[in-house]
Amino acid sequence: MEFGNPIFNIAIFLAFVVVTLAVVIRVSKQNVTAGDFYHGGRAFSGRQNGIAIAGDYLSAASFLGIVGAVALYGYDGSLYSVGFLVAWLVALLLVAEPPRNTAKYTMADVLSFRMRQRPVRTAAATSTLAVTFFYLLAQMAGAGALVSLLIGIEGRVGQSIVIAVVGVVMIAYVLIGGMKGTTWVQIIKAVSLVTAVGVATVWILALNGFNLSEVLGKAVAEHPDGATILEPMHQYGTSGATKLGFVSLAIALVFGAAGLPHVLMRFYTVPTAKEARRSVVWAIGLIGFFYLCTMVLGFAAAYMVGVDVIGTLPGGSNSAAPALAYALGGTVLMGIISAVAFATILAVVAGLTITASASFAHDIYNGVIKEGSATSAQEVRVARRTAVVIGGVSIIGGILAAEQNVAFLVSLAFAIAASANLPSILYSLYWKRFNTRGSLWSIYGGLGGALILITFSPVVSGSETAMIPGADFAWFPLTNPAIISVPLGFFLGWLGSVTSSEHDELKQAEMEVRSMTGAGAEKATQPH
């Protein structure tokens, strides 16, 4: 299936890259301090930050992966939409405001506030890098599928080159613009993405008399599995193991967002706690509208493109959205929609990269190696170098994961975040007895448990769609580990705390006041 003019598609890509790089270069002139590089000087309003959060959160998984999953699996594919949206309620109610009041730059600032600094910062930074890596895998896989489809590349070598180019552009955004530049790229991207998806959804509904039942009826008529796509458990099956797999996925999606380091870091870019709450409200509104649209687009792709055709496209299900755009509006609409998706990938990977580089520079380099004695200039220099290394690693990982569904890959990142980060965050904020041992056991136990189960699951080996298809060392039957690794993280956090007498009542009281009121939030949190 041919998709329009590759030259036209590439021209739209290049136009977006040129425009956003110009914005990044312009705002980079305002980067003076480490705070400017890490959180943009806390100069963004709640509305701006809310749009940027939506830009950070609405990733390639949200757009490419979910549309493809709904097209192939119907009702079950839409569960990604529901899970990703419900996750924001957890983030809003439990973790939107307190971390912003407590921390300076990174998640580790919160987790180490009343603990022994060096071991907890090391653990938190390790967890941040692991979550970021899996999230980057998804974005890079989506980039390879999308651009390969647009310029007619079908071989793995060509897709690998595309992934490498995306990685280089991403590194440029971070090195040049820091958090300010990245935030403005995310704002531009979020507005473009929500607008494009909204227009496409209205277009599809208009073709069907604004009758959603008509869209669903056509999808049922054209789908090989017929009416079963409107029923639950079509993808996951009805056996005991597959039901457990479904529950595990749901746990990862609902609890993962509240532990994502790059989402938590966005709350540090606003000046007050009120603006932090306001930014989440804006984000939920945009994200909710977007996910409703993706369900319509997915069912439309099932009958306008066809399940059989989707399976033959470069990138498989990840290419359903641009293929639908081509079926709707030809070369022009496909070029626009795909450019927006490409912008989505660039913005999200830039946000992930700056989070990981900030975590290493601020937590490992300054907090652990230099024990808080590094200057701002030294921190930023290390952060820039780290960004280059992370970019290189993500390029290699993206090449290996090129054929995986990106929504599924992100669910693994959510599982790791929910297992390693969320228990320690909630305990730190809301349990007085929590201490250093509990934090370390929770982070390393949740992280290690999730990584071990993923390594020995059908995701990596033992199935046709595995990352290593020729091998088979899978003994864990579920594709998502959250049903075991998340409770494990909470249990180990409790066990470590009750078996240690360490407790700093003064720091705990200070953290409680700051997290609830914001008093002193503008002060630096230095290692002690």
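**Cavity lining and surface patch**

Modeller: The lining of the largest cavity has 11 nonpolar residues, no polar and no charged. This is a predicted model, where local features need pLDDT of at least 70, side-chain atom pairs count only at pLDDT 80 or more, and totals for chains, interfaces and linings use all residues. Residues are numbered from 1 along each chain as its sequence is written, and side-chain values use heavy atoms, without hydrogens and water.

Biologist: What makes the lining nonpolar?

Modeller: The residues are F63, A196, V197, A200, L297, A321, L324, A325, L328, L333 and I337. Ala, Val, Leu, Ile, Met, Phe, Trp, Tyr, Cys and Pro count as nonpolar, Asp, Glu, Lys and Arg as charged, the others, Gly among them, as polar. So the lining divides into 11 nonpolar, no polar and no charged.

Biologist: Which helix gives the most to the lining of the largest cavity?

Modeller: α14, with six residues. α9 (156–207) and α14 (320–369) each supply at least two. Helices are DSSP runs (H or I, at least four residues), numbered from the N terminus.

Biologist: Why does Y430 count as partly exposed?

Modeller: Its relative accessibility is 43%. Buried means under 20% relative accessible area, exposed over 50%, partly exposed in between (1.4 Å probe, protein chains only). So Y430 counts as partly exposed. Y430 lies in helix α16 (residues 406–430).

Biologist: Which residues form the nonpolar patch on the surface with Y430?

Modeller: V82, V86, L89, L93, L94 and M516. The largest share, five residues, comes from helix α5 (residues 75–95).

Note on methods. Patch = residues over 30% accessible without salt bridge, like charges linked within 9 Å, V, L, I, M, F, W, Y side chains within 5 Å. Areas by Shrake-Rupley, 256 points an atom, 1.4 Å probe, with all protein chains shown as cover. Salt bridge = Lys/Arg side-chain N within 4 Å of Asp/Glu carboxyl O. 1 Å grid on protein atoms, 1.4 Å probe; cavity = no way out; pocket = protein on both sides within 12 Å on 5 of 7 lines; lining within 4 Å.
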